Each structure stands twice: as C-alpha cells, then as structure tokens.
Amino acid sequence: MSYWGFPKYVSVAEKRAKAAKKLEKLKKKRDVKPVVLQGKAIARTWWGKAWNENLERYADYENRIGRGRSYVRHGAVLDLQIREGEVVALVQGSQSNPYEVVITINKLATDAWRNISDSCAGMIESLSELMEGKFPKAMAEAFMRQGTGLFPSSREIKLRCSCPDSATMCKHVAASLYGVGARLDEDPSLFFSLRGVDTSDLISRTIVSGTERLLSKAGKKSARIISDADLSAVFGIELADGAVAPTHSAALPRKVKASKTEKKIPEKKAPVVKKAKSGLKKTTAKKSAAITRKKIAKKRTKKT
Ligand SMILES: [Zn+2]
C-alpha cells in the first residue's frame, strides 16, 4: 500500500482520470458542484485558509486531516454542497462508486454572534471588505478565537461517511473538510450560510453605530422629525398650511430622516415650526386660524 492507502500501481494520474470520468457520468444525472483547486495551494483566500487552519489546530484532527489533501488535489471530491449546518459531499475512493459524506456542524450560538458583531462594530464598512478578508487584525483575531469566534470546534462537528473505513476521520471526510476551504475561496458567503448567521447583521450594525456617532456629535437632535421641506422633497407633494403630515412618514428609513434633519435644520427654530405643522389636528388648525384672523384684525385697527 502507498502512503495514501491505494495500491502502489495506481498513479495520481490514474486516480485523477478515474475521478474525472465518474464526474462526467454524474453531471449527466444531476447538478453537481465538484471541488476544483485553483493552482497548487489548497486554499488561497483569507476564508479558505482560516477554515483549514481552524481544523488543523484540533488535536483530534491534525493527525488525520492531512490524508484528505491528496484527494482534493486529484479531484476526488465530485460534489460538495454547503447548506445551513451541513456539508454533503460525494468523494471518489478506491471503489467504483463514490462515497457519501455528511458533515453536520452546529449553528453559531446567537450570543456568540452578537458578541462578535458588537466587538467588530465600526471595523468594516462593506460586505465586500468582509468577503475579501480586508479587515483589521483585531477583527481577524476575534473571528478565529477558539470557543468564542466564528469557526466551529471539532466538538461541534459530526462526521459521517459511507465507506468501510472504521476511522471517524477517513480520507473522504478529510477531503470534504478541505473541500469546504476550497469552496470558501470561491464564495466566502457560504461560511455564514453554513453557520446559520446573516452577514447583514454585522454590516448593518456597523452602519447603525456610525449613524449613532454622528447623532451624538450633532448634539443628539432628534432623528425622527422631518421638516415639511424634506417631506415635500421625499414625496413630491406640496403641504398646505395646517395640513396633517402623511401618516406613512413613519415608515421612512431612519437613515434618511437622520441625515436630512441633521444637515438641514437650522438651530432651534425649525423643530417648533415642524411640530406645529406635522402634529396639527383639525381643532388646533381651526384655533390657529382664528388667532391669525384676530392678529390681522388688530393690525388693521392699529393702522386705521
Ligand atoms: Zn470514508
């Protein structure tokens, strides 16, 4: 037997050819996603490398996971699907039919995700930065932290393979685990799908915290009030004096309200005007109209 467990006379080229032939057959039957390495490296991007690094640091994995490297390299992972909490793969072994591998991974705990989102607030501005691994070292360290980070520990991962190998970590499972790293190189968002968390939580929290900072700088003026001028601009309508503001103004995105009011309201006068117009009820409208009439009447009497 060779190091890889194959009879010596089966060359890598032959294994590769066998896997490729099987893959062509499978493609005719169903939609498969084989693991194809780009270049010699087993992982190229931050997410792919971090995935592999995480697995290799667990004592119960480090001795056996290496057996999967050769399998991934010669294209034995014919199909690999990543879903929430699960990886399902077909791996070509020494037998004619590929083995079925199922890897179950616990979803990331809600508390852990919230803590990570809090500790990373303000560190990145966009989803693409997150996906490209363009974030500060502190954020990478928080992601990688054992126990409280984003990556699963070996205890959170359950492995299953249809092959006769009695080892929990057979070559097919090991190859599939490396296959996940290779797939994350192509689409890192799958990592978040696998762990059952929404990347927008992280991004939106970052933006919200930015808005909050702006508000506190601006003397904590209310972000909820919007001037009539802004309402007209947003809805394309002209508000008559004393008109009741549209009720759906409450549905305006908070961001719009915040930025517009901050920039456009001059000092203290504006909120008073806004309150009078937007919060006006019919009765108060009548009262103010009456007051106005009295004032005009007074002026007239003064002039005469
Ligand atoms: Zn196996």
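Strand 2 and strand 3 pair in the antiparallel sense, with six bridges between them. The model is a predicted one, and its chain contains 14 helices and four strands. Of the 304 residues, 26% count as buried. Among contacts in the chain with a separation of 6 or more, 71% join residues 24 or more positions apart.

- The four strands form an open sheet in the order 1-2-3-4, with antiparallel pairing.
- Its edges are strand 1 (77-83) and strand 4, each of which pairs on one side only.
- From one strand to the next, the twist averages 10 degrees.
- In general, the strands of a sheet pair through backbone hydrogen bonds, in either a parallel or an antiparallel sense.

**Strand pairs and bridge partners**

- Strand 1 and strand 2 pair in the antiparallel sense over six bridges.
- Within this pairing, I82 has V87 of strand 2 as its bridge partner, and V77 has V91 of strand 2.
- The two strands form a hairpin with two residues between them, and G85 in the turn has a positive phi of about 70 degrees.
- Strand 3 (residues 99-105) pairs with strand 4 in the antiparallel sense over five bridges.
- In that pairing, T104 has K158 of strand 4 as its bridge partner.

- Helix 8 lies across strand 1, strand 2 (86-91), strand 3 and strand 4.
- The direction of helix 8 is at about 65 degrees to strand 1.

- Helix 2 spans residues 46-56, and its buried residues are W47, G48, A50, W51, N52, N54 and L55.
- The elements that cover these buried residues include helix 3 (59-62), helix 7 (137-144), helix 8 (171-186) and helix 9 (189-194).

**Packing of helix 2 against helix 8**

- The axes of helix 2 and helix 8 come within 7 Å and cross at roughly 160 degrees.
- The two helices are therefore roughly antiparallel to each other.
- The crossing of helix 2 past helix 8 is right-handed.
- Helix 2 contributes W47, G48, W51, N52 and L55 to the contact, and helix 8 contributes L177, Y178, V180, G181, A182, L184 and D185.
- Classified by residue type, this contact has eight nonpolar, three polar and one charged residues.

**A174, a buried position in helix 8**

- A174 lies in helix 8.
- This residue counts as buried because it has 26 C-beta neighbours inside 10 Å, the cut-off being 20 or more.
- Leaving aside neighbours within four places in sequence, A174 is in contact with R64, I65, R67, G68 and M169.
- A174 and L55 are 119 residues apart along the chain, and their C-alpha atoms are separated by 9.9 Å.

**T148, an exposed position in a loop**

- T148 is placed in the loop between helix 7 and strand 4 (157-161).
- This residue is exposed because 12 other C-beta atoms lie within 10 Å, and a count of 12 or fewer defines that class.
- Not counting residues up to four places away in sequence, T148 touches A112 and N115.
- The C-alpha atoms of T148 and A109 are separated by 9.3 Å, while the two residues are 39 apart along the chain.

Technical notes: Residues are numbered from 1 along each chain as its sequence is written. This is a predicted model: local features need pLDDT of at least 70, side-chain atom pairs count only at pLDDT 80 or more; totals for chains, interfaces and linings use all residues. Two residues are in contact if their C-beta atoms, placed from the backbone, lie within 7 Å. Axes are lines fitted to C-alpha atoms, for helices over the stretch in contact, and angles run from 0 to 180 degrees between N-to-C directions. Angles under 35 degrees count as roughly parallel, over 145 as roughly antiparallel, 65 to 115 as roughly perpendicular and the rest as oblique. A crossing is left-handed if the near helix is turned anticlockwise from the far one by less than a right angle, and right-handed if clockwise. Ala, Val, Leu, Ile, Met, Phe, Trp, Tyr, Cys and Pro count as nonpolar, Asp, Glu, Lys and Arg as charged, and the others, Gly among them, as polar. Two strands pair if DSSP finds at least two bridges between them.
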